[in-house]
Amino acid sequence: MAEVLVVVEAGVKKVTLEMLTIARGLGEVSAVVFGEADQAKLAEFGAAKIYTASGADVLDHGAAPKATAVAELVKRVSPAAVLLASTQEGKEIAGRLAVKLDNGLLTDAVDVAADGTATQVVFAGSTIVKSKVTKGLPIVTIRPNSTTPVASAATPAVEELTVAVSDSDKLTTVVERVAEQKGSRPELTEAGIVVSGGRGVGNADNFKLVEELADLLGGAVGASRAAVDSGYYPHQFQVGQTGKTVSPQLYVALGISGAIQHRAGMQTSKTIVAVNKDAEAPIFELADFGVVGDLFKVVPQAADEIRKRK
Ligand SMILES: Cc1cc2nc3c(=O)[nH]c(=O)nc-3n(C[C@H](O)[C@H](O)[C@H](O)COP(=O)(O)OP(=O)(O)OC[C@H]3O[C@@H](n4cnc5c(N)ncnc54)[C@H](O)[C@@H]3O)c2cc1C
């Protein structure tokens, strides 16, 4: 069975486990790891082989050396497909890889069938497109939160790659790394619970209420585009078509109307709870549980009740 290469970004994110799950339907899964990654986790989700590449030449010059490493590996092992994450880095590596191999590329897929047909969900979730790469092998980037990761243990063989990094791969260089101050909240796209606020929250200060509920539930904070555009909350927390896609067990929408572009980023959440003072708000069409009311009255009561039950 041909190998399927899954390109792993630093650490092992939820999307990595999703890619491993999808890749198992395409062939024998090989993870390509740049730098450090939790190899036990990769094994748990079916990586039969782990290629590692490290050292400053590979890690300190952005996506270019990584694309070179994957391209060399593709030429050597002739995989059935290459899957990468639809993240900034994953897409940059994918684009460079496709150019290097003179190969087709599909981005933002939510699934890849055994014959390489990729499924993309477009126009804010209203249209499903099936596409195939017509030149070369399927190189496909997978959107985070596309599928539920399923474990399938393997015992991987590990191979250290020697990558010939040329000067043209070193046209940018990392001059400093500053670790982001991480709060105690989970990462938005990985969180099991997300509490989001919209324009109805009213101002940046009021977002403390959204944060308080998220913290009580152990969740992440999200926001609608109207909320981030109004400066209530930072842009990296935007959920939706032009923001992050989330698919938590519980999504709480506070003062969000439920525009199609917002839904595109959260409609696959398992349970959706909405608080909105307008009974006609479209978010209620989607919600499993809805409260028609003023969020400034409802949220403090919910918070008190949660505190009592803790
Ligand atoms: C190309 C494009 C891409 C877009 N991408 C995104 C995206 O990624 N994400 C996104 O979110 N949007 C996106 N949008 C914008 C989207 O169309 C909506 O404008 C936006 O989602 C509205 O945000 P909102 O629900 O917070 O605000 P509004 O639509 O203004 O809704 C606010 C809601 O709060 C309720 N409310 C007000 N006060 C209270 C209160 N005290 N208590 C309870 N409820 C209250 C109101 O009844 C109302 O329903 C995009 C638009 C376009 C054109």
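In this predicted model, a nitrogen atom of the ligand lies 2.6 Å from an N or O atom in the side chain of Thr242. An oxygen atom of the ligand is 2.7 Å from a polar side-chain atom of Ser257. A polar backbone atom of Gly243 is 3.4 Å from a ligand oxygen atom. On its own the ligand has 980 Å² of accessible area, and the protein covers 75% of it (Shrake-Rupley method, 1.4 Å probe). Around the ligand there are 25 residues (a heavy atom within 4 Å). Arg199, Ser224, Thr242, Ser257 and Asn276 come nearest.

Thr268 sits in the loop between helix 8 (260-263) and strand 13 (271-276). Helices (H or I, at least four residues) and strands (E, at least two) are DSSP runs, numbered from the N terminus. Thr268 counts as partly exposed because its relative accessibility is 46% (buried is under 20%, exposed over 50%, partly exposed in between; 1.4 Å probe, protein chains only). Leaving aside residues up to four places away in sequence, Thr268 touches Val246 and Ser247 (heavy atoms within 4.5 Å). The side chains of Thr268 and Ser247 make a polar contact at 3.0 Å. Such a contact is a pair of N or O atoms within 3.5 Å; within protein, one must be able to donate a hydrogen and the other to accept it, and residues adjacent in sequence count only if both atoms are side-chain atoms.

Residues are numbered from 1 along each chain as its sequence is written. Local features need pLDDT of at least 70 and side-chain atom pairs pLDDT 80 or more, while totals for chains, interfaces and linings use all residues, and side-chain values use heavy atoms, without hydrogens or water.
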